[in-house]
Amino acid sequence: MIACRFLVVLATALCLAAPAQAQTPPQPRIAGKIELAEGIAQIEGKDKRSRRPAVGDNVFEGDSIATSRQSELHLNMADGASLIVRENSRIRITEYVADGGDKDRSLIDLTRGALRSITGWIGQYNRSNYRVRTPLVTIGVRGTDHEPTHL
């Protein structure tokens, strides 16, 4: 009889615990950190929530970053790269995996304005996995410092 009660209590506890685990959303992957924030800029996450960038804040895979006139953001990326989002620009960190393995990749969409990039280990060791995409072209980097502009 005691064994049956124990099993009922255990089964009830497991049933109640399972939905709580299923409801936990996956944590976004950290792509980098804000090193400098000048002027007015905005970051929009995958969840469509907007936030004002501040020095030391994380940026995540899937974040969109927009700068206004006389604004600039400097990002220190997880693979040691530097991204500088120039004024009146908009980028999206579409893909960013920097785990130190063969599957590391960086895909930045530049939809407006200019971006300066100094590549980190992804651009140096996984060159085919490092891309900057504009509405007209995709740039595969073979050097370490570039500044594409989309007008």
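Where does glutamine 70 lie? Glutamine 70 sits in the loop between S5 and S6. A few notes on that stretch and its surroundings follow; keep in mind that this is a predicted model.

1. **Glutamine 70.** Phi here comes out near 55 degrees, a positive value in a residue other than glycine. Most residues other than glycine have a negative phi, so this one is worth a look on screen. Glutamine 70 counts as exposed because its relative accessible area is 59%, and the cut-off for exposed is over 50%.

2. **Lysine 48.** Here is another positive phi in a residue other than glycine, this time near 70 degrees. Lysine 48 belongs to the loop that links S2 to strand S3 (50-51). With 62% relative accessibility, lysine 48 is classed as exposed too.

3. **Partners of S5.** Strand S2 (residues 41-44) runs antiparallel to S5, and 4 bridges join them. Within that pairing, glutamate 44 has serine 64 as its bridge partner. S5 also pairs with strand S8 (residues 90-97), again in the antiparallel sense, over 3 bridges. There, isoleucine 65 stands opposite isoleucine 91 of S8.

4. **Isoleucine 65 and the core.** The largest nonpolar core has 22 residues, and those touching the most other members are Ile65, Met77, Ile93 and Tyr96. The elements giving two or more residues to this core are strand S1 (30-38), S2, strand S6 (72-77), strand S7 (82-85), S8, strand S9 (105-118) and strand S10 (130-133). Nonpolar side chains in soluble globular proteins tend to be buried together. Setting aside neighbours within four places in sequence, isoleucine 65 has contacts that include Ile43, Val59, Leu73, Leu75, Val85, Ile91 and Ile93. Gln42, Ser89 and Arg90 are also in contact with isoleucine 65.

5. **The largest pocket.** Its volume is about 230 Å³. What lines the largest pocket? The lining consists of Pro26, Gln27, Pro28, Gly45, Lys46, Asp47, Arg49, Ser50, Arg51, Phe60, Glu61 and Asp63. By type, the lining residues split into 6 charged, 3 polar and 3 nonpolar.

Terms used: Residues numbered from 1 in each chain as written. Predicted model: local features only at pLDDT ≥ 70, side-chain atom pairs only at ≥ 80, totals over all residues. Heavy atoms only, no water. 1 Å grid on protein atoms, 1.4 Å probe; cavity = no way out; pocket = protein on both sides within 12 Å on 5 of 7 lines; lining within 4 Å. Points joined across faces, edges and corners; volume = space filled by probe spheres on them. Nonpolar A, V, L, I, M, F, W, Y, C, P; charged D, E, K, R; others polar. Pairing = 2+ DSSP bridges. Core = buried A, V, L, I, M, F, W, Y, C linked by side-chain atoms within 4.5 Å. Buried < 20%, exposed > 50% of the residue type's maximum accessible area, 1.4 Å probe, protein only. Contact = heavy atoms within 4.5 Å.
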